[in-house]
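Hello,

Here is the structure we talked about. Please open it alongside this email; my notes follow below.

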Amino acid sequence: MSTKMRYFLNKVVDYTPDTSFSVDYKKLTKDIKDNVFHSLEKQKCTHSGIDGGLYVGTCGNAYTLYHLSKKQRFAKERDEFLRVAADTLKVGLDIAHRTKSRDPSDECAFLLGKTGIYAVGAAVFHARGEDQLAEDCIQDYIQAGAHCASAAYARFGGDELFVGRAGYVCGALWLNREFKRDVIPEDIINAMCRTMVDSGRQYSTAKTYYCSLVYSYYKTEYIGAAHGLCSILQMLLCCESYLEKNKEAEKLIKKSVDFLVSIQTPGGNFPCDFAEIGSSASVVREDLVHWCHGAPGVFYVLLKAFYRWHEPKYLEAAEKAANLIWEKGLLKKGPGICHGVAGNGYVFLYLYKTTKNPKYHYRANEFANFLYTDDFKKSNIPDAPHSLYEGYAGTMCYLADVMEPETAAFPFFEIN
């Protein structure tokens with residue numbers, strides 16, 4: 001096998017109607033219990049430790065504890081998980097409040113800034129019955145939104161997921177879902193959506209692109225979930241109130257999703273950015289199969305489009321992407337959810353929830369099993385090996401979800 005390959009060859013026989021399989025609940029449960037606090041200890045809740053927000057910072061590990069606390073298999077550990085998460089977040093919030101940044105994106109970024117800390121803090125304190133602390137975090141979240149509400153915010157690209165408006169909407173939708181009520185008001189979310197649609201339409205018109213909505217992040221028109229078009233469209237599609245009140249905007253969103261379907265490669269992947277589209281474009285990298293760039297990230301907007309418009313072509317494109325991920329998704333970059341094995345495995349859990357086809361639970365389980373193989377031991381060590389998005393903290397969320405697939409949820413990326 002060439003050392004240049006980004007992935008390990010998948011040596012597992014795929015599911016057939018005659019296949020029987022079982023999840024090793026005992027092994028996965030023990031692994032999570034043995035490592036969840038170890039990963040948190042490695043992350044250290046200090047000023048540098050909360051740098052990187054939820055993505056690679058300590059407060060992402062607090063999210064892992066919250067995620068696990070909602071699982072039936074960890075019912076006995078629930079109170080302890082939430083207690084440790086709350087203690088971690090109190091330190092993180094204190095640092096966040098005392099740290100003033102010159103960069104507005106630090107204040108309102110969801111995955112890489114302070115709003116992610118506010119959101120997870122609100123959810124954890126709410127789960128513990130610490131209602132005043134939860135309300136304080138919600139108010140912090142709402143106030144932070146003022147930094148990215150303006151169309152002038154972040155001229156380098158203020159609409160994307162990590163530091164932009166799509167991320168802010170992502171966190172707002174997640175909070176409303178966790179609280180089962182609109183703690184982030186509908187008008188705030190809808191205003192963000194209007195700005196995103198206007199921004200994408202204006203940029204597309206200026207560049208004369210065929211796609212109705214296009215966005216740039218540091219002068220690159222990304223397509224994948226990290227900084228790109230697909231996650232912005234996904235967040236817009238999840239805002240049902242906005243769609244119902246803005247049918248013309250929904251048409252633009254649908255045309256943009258249809259554009260994504262049209263550029264899916266025969267193998268099931270998607271270009272990394274718009275430079276890979278057209279007759280003079282560079283070649284699409286069929287082995288760039290990450291959540292952040294490639295089919296595993298675009299998958300979610302395809303599935304959400306299927307839920308919204310009930311057209312088979314979206315589910316077909318999503319399943320085509322999943323077949324590619326089964327073939328090339330055992331990444332050498334490590335275990336994480338951004339560009340690792342666990343992140344790719346989540347695609348199968350979502351398809352299992354959607355179709356109830358046991359093939360997809362089988363595939364998800366096999367991706368979990370791969371994490372314990374000799375092949376996987378040869379994979380690279382991420383820069384933040386214990387973090388939520390790059391490391392083992394996110395992987396523990398995945399392992400717990402393999403055991404309870406009906407409630408599986410890629411962190412903050414729920415679509416129904």
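In which hand, left or right, does α3 pass α6? The crossing is left-handed. Bear in mind that this is a predicted model.

The two helices pack at an angle of about 35 degrees. Their axes lie 10 Å apart. From α3, the residues in contact are Cys59, Ala62, Tyr63 and Tyr66. They meet Ile117, Val120, Ala123, Val124 and Ala127 of α6. By type, that contact holds 9 nonpolar residues, no polar ones and no charged ones.

Next, helix α18, residues 392-403. Its 12 residues should span 16 Å at 1.5 Å a residue, and the end C-alpha atoms are 17 Å apart, which agrees. Is α18 enclosed or open? 12 of its 12 residues are buried, so the helix is largely enclosed by the rest of the structure. The buried residues include Tyr392, Cys397, Asp401 and Met403. Among the elements that cover them are α1 (25-43), α3 (58-69), α16 (341-355) and α17 (358-370).

Look at Tyr398 too. This residue is one of the buried residues of α18. Leaving aside residues up to four places away in sequence, Tyr398 touches Ala342, Gly345, Tyr346, Leu349, Ala364, Phe367 and Ala368.

Tyr398 also belongs to the largest nonpolar core, which has 150 residues. Trp291, Tyr300, Tyr389, Tyr398 and Phe412 have the most contacts inside that core. Helix α14 (residues 295-309) supplies the largest share of the core, 10 residues.

Best wishes

Notes
Residues numbered from 1 in each chain as written. Predicted model: local features only at pLDDT ≥ 70, side-chain atom pairs only at ≥ 80, totals over all residues. Heavy atoms only, no water. Helix = DSSP H or I, 4+ residues; strand = E, 2+ residues; numbered from the N terminus. Expected span 1.5 Å × (residues − 1). Buried < 20%, exposed > 50% of the residue type's maximum accessible area, 1.4 Å probe, protein only. Contact = heavy atoms within 4.5 Å. Axes fitted to C-alpha atoms, helices over the stretch in contact; angles between N-to-C directions. Left-handed = near helix turned anticlockwise from the far one by under 90°. Nonpolar A, V, L, I, M, F, W, Y, C, P; charged D, E, K, R; others polar. Core = buried A, V, L, I, M, F, W, Y, C linked by side-chain atoms within 4.5 Å.
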